[in-house]
Amino acid sequence: MPSETARPLYADTRAAHTLVWFRQNLRIRDNAALCAAVAEGLPVIGIWIDDAETDNPRRTAFYRQSAAELAQGLAGRGIPLYTAASSSGLVRLAAGSSVRTVIADASYTFAEKLADNALWHELDKHGIALTFVNDRSVFDQTDLTPDNGTAHTDFDRYREIWLNRFSKQPPAGPDLFAAYRQPFPENLPAPRPAALSDGILLPQNGGETAAWRQWRRFLEQAASYSVLKDFPSRKNTSLMGAYLSAGCISPRLLARESLERRLNAWTDNLIRRDFFLRLALRHADDAPSDGNPENTRYLALWQQGQTGIPIIDASMRCLHKTGSLHPALRRLSADFFCHVLNLPRREGERWFARQLTDFDAAVNRGNWRLASSRHTCPDIAAASYRTDPDGTFIKRYIPELAHLSADTVHTPWRFACSVDTHGYPAHPVAGIP
């Protein structure tokens, strides 16, 4: 796939086209944007914007892998997939390829909406329409009727309405793109191979094939999910986060399969994801005023896994090393950040955004808003014993404490006179009894 500076620039052609702008829907199966493009009745071409997010190299590498596989799948159907470095490259391709309509998956954050509006104005100058379809969530933002507004602010009520709507009318329908083929469009340059992120090791491969493989692997052990999902050392989560973030797999199809198998506890993850996407539409991306900026001296210790609280430090080291973190530990780390260290939530959001392979702006913000809105501070020591009873997870990421027993590894500061922590902080940075 060519970079934005590739030459020659896209030449004018006589045939009109429909352009699919792939964003967080890097898949072929149950892709609403592709189905909408087919319905236009014109030859289809595709584009993906590789903005090379250097702040999060793992996410960039995962998206590039996913886009490379998507390009191969589309090529087999006669559809070229181009790459641009910014929206201006998309405009050049559309204007130079007689595109009548650009179709994209709908965005959810305030920043994305502003960028979409700017793109709409640029395309409109060339007489090109820009339309959006829902490919990121199970239900479109207009599918669920608000209950006096509470359905979009109260998760339990939203879940009730979501499940009721799904039982009556599941959103996944026939896939119009399933058997689609077209001749490769004439007079268009051939896309170049996708760029790779050299030197980036990912615990999961990107792409639609890997997504479905991981889902089938999870289903083999899904019966125990509701019992083991809150224990990080058991590795019983689905690991679908990165695939959902990049859109390598359809949330609509996952909702259907999980509910058919009565995996209600796992389906709650999809519902909460939809819920956070809705919340993102209601909040601008403004910096919050919560937290105490004077406590920012703790920020680096939290990021480096040196707070003196083993479960927190193991979590942060795991996040930095792997680009992933168990959901229970994400919540605990955010609670500790907001209510024990009393740091501004936005700083925690930014750090997770730079570390998580499965980073999604709306979901990340929703999780952090939830953490900062809680009125009580969790008992960190009790939570540590509850989520990692034998200390396996802690010892995996804090080798300095690997020799300690399950009774001492959670709170080594209480045994400071009798244990050697091999350089690990002897006392917590904050007032933990």
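This is a predicted model: local features need pLDDT of at least 70, side-chain atom pairs count only at pLDDT 80 or more; totals for chains, interfaces and linings use all residues.
Visitor: OK. Is Asp105 buried or exposed?
Guide: Asp105 has a relative accessible area of 0%, so it is buried.

Visitor: Where is Asp105 placed?
Guide: Asp105 is in strand β4.

Visitor: And what does its side chain join in a polar contact?
Guide: The side chain of Asp105 makes a polar contact of 2.7 Å with that of Arg136. Setting aside neighbours within four places in sequence, Asp105 also touches Trp21, Arg23, Gln24, Asn25, Phe132, Val133 and Asp135.

Visitor: You said β4. What is the strand order in its sheet?
Guide: The order is β3-β2-β1-β4-β5 in an open sheet of five strands, and the pairing is parallel. At the edges are β3 (81-84) and β5 (129-133), each of which pairs on one side only. From one strand to the next, the twist averages 25 degrees.

Visitor: Which helices pack on the sheet?
Guide: Helix α1 (residues 32-40) is one of them; it touches β1 (17-22), β2, β4 (99-105) and β5, and its direction makes about 175 degrees with that of β1. Helix α2 (residues 57-75) packs on the sheet as well, touching β1, β2 and β3, with its direction at about 150 degrees to that of β3.

Visitor: How many bridges join β2 to β3?
Guide: Four bridges join β2 (residues 44-49) to β3. In this pair, Gly46 stands opposite Leu81.

Visitor: Changing topic: why is α14 called largely enclosed?
Guide: Helix α14 (residues 345-355) has 11 residues and eight of them are buried, so the rest of the structure largely encloses it.

Visitor: Which ones are buried, and what do they pack against?
Guide: The buried residues of α14 are Arg345, Arg346, Gly348, Glu349, Trp351, Phe352, Ala353 and Gln355. They pack against α2, α11 (299-304), α12 (310-322), α13 (327-340) and α15 (361-373).

Visitor: What about the largest nonpolar core?
Guide: This core has 58 residues, and Leu74, Trp162, Trp215, Ile249 and Trp266 touch the most other members. Helix α2 gives the largest share, seven residues.

Visitor: What does Trp215 touch?
Guide: Leaving out residues up to four places away in sequence, Trp215 touches Met240, Ile249, Leu254, Glu257, Ser258 and Trp266.

Visitor: And which residues are in the other core?
Guide: Another core, of 39 residues, lies apart from the largest one, and includes Leu332, Leu341, Phe359 and Leu401.

Terms used:
Residues are numbered from 1 along each chain as its sequence is written. Side-chain values use heavy atoms; hydrogens and water are left out. Two strands pair if DSSP finds at least two bridges between them. Helices (H or I, at least four residues) and strands (E, at least two) are DSSP runs, numbered from the N terminus. Axes are lines fitted to C-alpha atoms, for helices over the stretch in contact, and angles run from 0 to 180 degrees between N-to-C directions. Contact means heavy atoms within 4.5 Å. Buried means under 20% relative accessible area, exposed over 50%, partly exposed in between (1.4 Å probe, protein chains only). A polar contact is a pair of N or O atoms within 3.5 Å; within protein, one must be able to donate a hydrogen and the other to accept it, and residues adjacent in sequence count only if both atoms are side-chain atoms. A nonpolar core is a set of buried Ala, Val, Leu, Ile, Met, Phe, Trp, Tyr and Cys residues joined through side-chain atoms within 4.5 Å.
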